[in-house]
Amino acid sequence: MEHFTIATVAEQSPDFRRVLWTGKHTQLVVMTIPPDGEIGEEVHEVDQILTFVSGVGEAKVGGQKRKVAQGDLVVVPAGTKHNFTNAGPNPMVLYTVYGPPEHADGAVHKTKEEADKAEEAGRDEPPTG
């Protein structure tokens, strides 16, 4: 059995992105967005559900904008352009569930730059099969 005290795990992870668990149909990832940072505008071919643990920011999903804070949950349907920006003085911490998996199993990216390089080099591909 996998068990996480997810808010605590997310708060303790200083990494931009850390894959905690990967299953056949879903994947659990924690993210820490630094002040003035962002996830980066993107479109996935998978569904994504983000839950915010701490910090404040702005969600842009499908052309709509909304402020987000601790306790908020945002759904990003597959194929929808989105971005999340930290608008506060402290890190914005969240966990997200992808269905199906979006990233390499066990991937850890300390910064957005590291994550972008891994994706561009093809080293952040989800498991197949």
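1. The model is a predicted one, in which local features need pLDDT of at least 70 and side-chain atom pairs count only at pLDDT 80 or more, while totals for chains, interfaces and linings use all residues. Residues are numbered from 1 along each chain as its sequence is written, and side-chain values use heavy atoms, with hydrogens and water left out.

2. Helices (H or I, at least four residues) and strands (E, at least two) are DSSP runs, numbered from the N terminus.

3. The structure holds 7 salt bridges, and some of them link distant parts of the chain, including the one between Glu 119 in helix H2 and Arg 17 in strand S1, which are 102 residues apart. For Glu 119 and Arg 17 the closest N and O atoms are 2.8 Å apart; Glu 119 is partly exposed at 34%, whereas Arg 17 counts as buried at 4% relative accessibility.

4. Another salt bridge joins Lys 110 to Asp 15, with the closest N and O atoms 3.7 Å apart. Lys 110 sits in the loop between strand S9 (108-109) and helix H2 (112-120), and Asp 15 in the loop between helix H1 (6-12) and strand S1 (17-22), so that 95 residues separate the two. Lys 110 is exposed at 54% relative accessibility, while Asp 15 is buried with a relative accessible area of 3%.

5. The largest nonpolar core has 21 residues, and those with the most contacts inside it are Phe 52, Val 74 and Phe 84; such a core is a set of buried Ala, Val, Leu, Ile, Met, Phe, Trp, Tyr and Cys residues joined through side-chain atoms within 4.5 Å. At least two residues of this core come from each of strands S2 (27-33), S3 (47-54), S4 (56-61), S6 and S8 (92-99). Apart from this core lies another, of 6 residues, among them Ile 6, Ala 10, Leu 28 and Val 30.

6. The structure holds 1 aromatic pair, where rings of Phe, Tyr and Trp (its six-membered ring) pair if their centres lie within 6.5 Å, with planes under 30 degrees apart counted as stacked, over 60 as edge-to-face and the rest as tilted. The ring centres of Phe 52 and Phe 84 are 5.8 Å apart and their planes stand at 45°, so the pair is tilted. Because Phe 52 lies in strand S3 and Phe 84 in strand S7 (residues 82-86), the pair ties together parts that are 32 residues apart in sequence. Both Phe 52 and Phe 84 are buried.

7. Which residues does Ala 59 contact, leaving aside its neighbours within four places in sequence? They are Gln 64, Lys 65, Arg 66, Val 68, Val 74, Asn 83 and Phe 84, contact meaning heavy atoms within 4.5 Å. Ala 59 lies in strand S4 and is buried, with a relative accessible area of 4%.

8. Gln 27, found in strand S2, is buried with a relative accessible area of 1%. Its C-alpha is 5.1 Å from that of Tyr 98, although Gln 27 and Tyr 98 are 71 residues apart in sequence. With neighbours within four places left aside, the contacts of Gln 27 include Val 19, Trp 21, Tyr 98, Pro 101 and His 103.

Technical notes. Buried < 20%, exposed > 50% of the residue type's maximum accessible area, 1.4 Å probe, protein only. Salt bridge = Lys/Arg side-chain N within 4 Å of Asp/Glu carboxyl O.
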